[in-house]
Amino acid sequence: MKKLILSTAALALAAGFAMADGHGKTIRMGTEGAYPPYNFLNDAGEVDGFERELGDELCKRAQLTCEWVTNEWDSIIPNLVSGNYDTIIAGMSITAERDEVIDFTQNYTQPDPSGYLAMSMDADIKGGVVAAQTGTIQAAFIAASGATLVEFATPDETIAAVRNGEADAVLADDAYLRPFAEENADLMMLEQQELIGGGVGMGLRESDGELKAKFDAAITSMKADGTLNALLAKWEIGPGF
C-alpha cells in the first residue's frame with residue numbers, strides 16, 4: 001500500500017501528459033486481490049482470477065494499456081475517487097448508494113446469490129450473529145435484518161469468525177463461500193440464499209465518462225460474442241447472459 005501511495009504522484013503526472021491527446025495513458029485497474037474466484041493473488045504474487053482475465057480482455061478490446069494494483073476493500077472507493085487508480089474491478093455489486101459516489105459500467109455478472117456458510121445446518125441466521133465483510137451489500141443486508149452484524153476487513157476473517165465462535169454464520173457471495181464448504185468438512189452452506197445487488201460492474205470516477213464508455217462497449221462486445229459467458233462458466237460465477 002505504501003508503494004502504491006508513493007508511486008501515485010509519478011503515475012498521475014505521466015497520465016496527465018498522456019491525456020493531452022487521449023492516447024498512451026496507462027489505466028490503473030484497482031482490485032482487492034483477496035476474493036476468489038473473482039480476484040486473488042497467485043503463488044507469484046500477481047493478480048489472478050476471473051476479473052484479471054476479464055479486465056485484460058476489456059483493456060485489449062478498448063485498446064488501452066492497463067496495469068493492476070491492489071487495495072484493501074474498506075478504502076477501495078475513497079482511493080479511486082482520490083486518484084490512486086482509475087477503475088475498481090473487484091467483485092463490487094452495483095448499488096444505488098455506491099452510485100451516488102462513483103459511476104459504474106454495465107454489469108458483467110448477473111446478480112449472484114448470497115449464501116450463508118456455517119458450522120451447523122441449525123445456525124441461527126435470523127436472530128443470531130452473522131459475519132460479513134465491511135462495506136459490502138451483505139453487511140448492509142444483515143444490518144437491516146433481525147440478526148446481529150459483526151464486520152471484518154477481509155473475507156478470510158469472516159470465515160475465521162465462524163470457526164472460532166464469534167459468529168453463527170457468514171453471509172457473502174455464494175461463488176466465494178461454496179468452495180470452502182466443499183473443501184472443509186466442518187463448514188457447510190445453508191439452504192437459505194439472499195438475492196441482493198444489481199450484478200457486478202466496474203467502478204469509475206464520475207468525471208471519467210469517456211473511459212466508462214470504452215469499457216461499456218468492450219463489455220457489450222464480450223456479451224455479444226459469448227466470451228463473457230465462457231469466462232463466467234470457467235470460473236463458476238453465476239448464470240451467463
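Is C59 buried or exposed, and what is its relative accessible area?

1. C59 is buried, with a relative accessible area of 3%; buried means under 20% relative accessible area, exposed over 50% and partly exposed in between, with a 1.4 Å probe and protein chains only. The residue lies in helix α2, where helices (H or I, at least four residues) and strands (E, at least two) are DSSP runs numbered from the N terminus. Leaving aside residues up to four places away in sequence, C59 touches M29, L64, C66 and F215, a contact being heavy atoms within 4.5 Å. The C-alpha atoms of C59 and T31 are 15 Å apart, and these residues are separated by 28 residues along the chain.

2. Basis of the note. This is a predicted model, in which local features need pLDDT of at least 70 and side-chain atom pairs count only at pLDDT 80 or more, while totals for chains, interfaces and linings use all residues. Residues are numbered from 1 along each chain as its sequence is written, and side-chain values use heavy atoms, with hydrogens and water left out.

3. Confidence. The protein has a mean pLDDT of 91, and 90% of its residues reach 70 or more; pLDDT is the predictor's confidence in each residue, from 0 to 100. Over residues 1-23 the pLDDT is below 50, and this stretch has 20 contacts in the model beyond near neighbours in sequence. Where pLDDT is low, the predicted coordinates should not be read in detail.

4. Nonpolar cores. The largest nonpolar core holds 42 residues, of which F50, L54, Y108 and F215 touch the most other members. Such a core is a set of buried Ala, Val, Leu, Ile, Met, Phe, Trp, Tyr and Cys residues joined through side-chain atoms within 4.5 Å. Elements giving two or more residues to this core include β1 (26-31), α2 (50-61) and α8 (209-225), and α8 supplies the largest share, 5 residues. A second, separate core of 12 residues includes Y116, A123, I125 and A169.

5. F50 and Y108 form a tilted pair, 6.1 Å centre to centre with 50° between the planes. This pair links distant parts of the chain, F50 in helix α2 and Y108 in the loop between β7 (103-104) and β8 (114-118), 58 residues apart. Both F50 and Y108 are buried. Ring pairs join Y35, Y38, F50, Y108, Y176 and F180 into a cluster.

6. Q138, in helix α5 (residues 137-143), is buried, with a relative accessible area of 5%. Its residue contacts, not counting residues up to four places away in sequence, are S114, A132, L171, A172, D173 and I196.

7. Backbone points. The peptide bond from P36 to P37 is cis, with omega near 5°, and P37 is placed in the loop between β2 (34-35) and β3 (39-41). Q63 is not a glycine, yet has a positive phi of about 55°; Q63 is in the loop between α2 and β5 (65-70) and counts as exposed at 74% relative accessibility. E236, in the segment after α9, also is a residue other than glycine with a positive phi, near 55°. At 66% relative accessibility, E236 counts as exposed.

Notes. Phe/Tyr/Trp six-rings, centres within 6.5 Å; stacked < 30°, edge-to-face > 60°.
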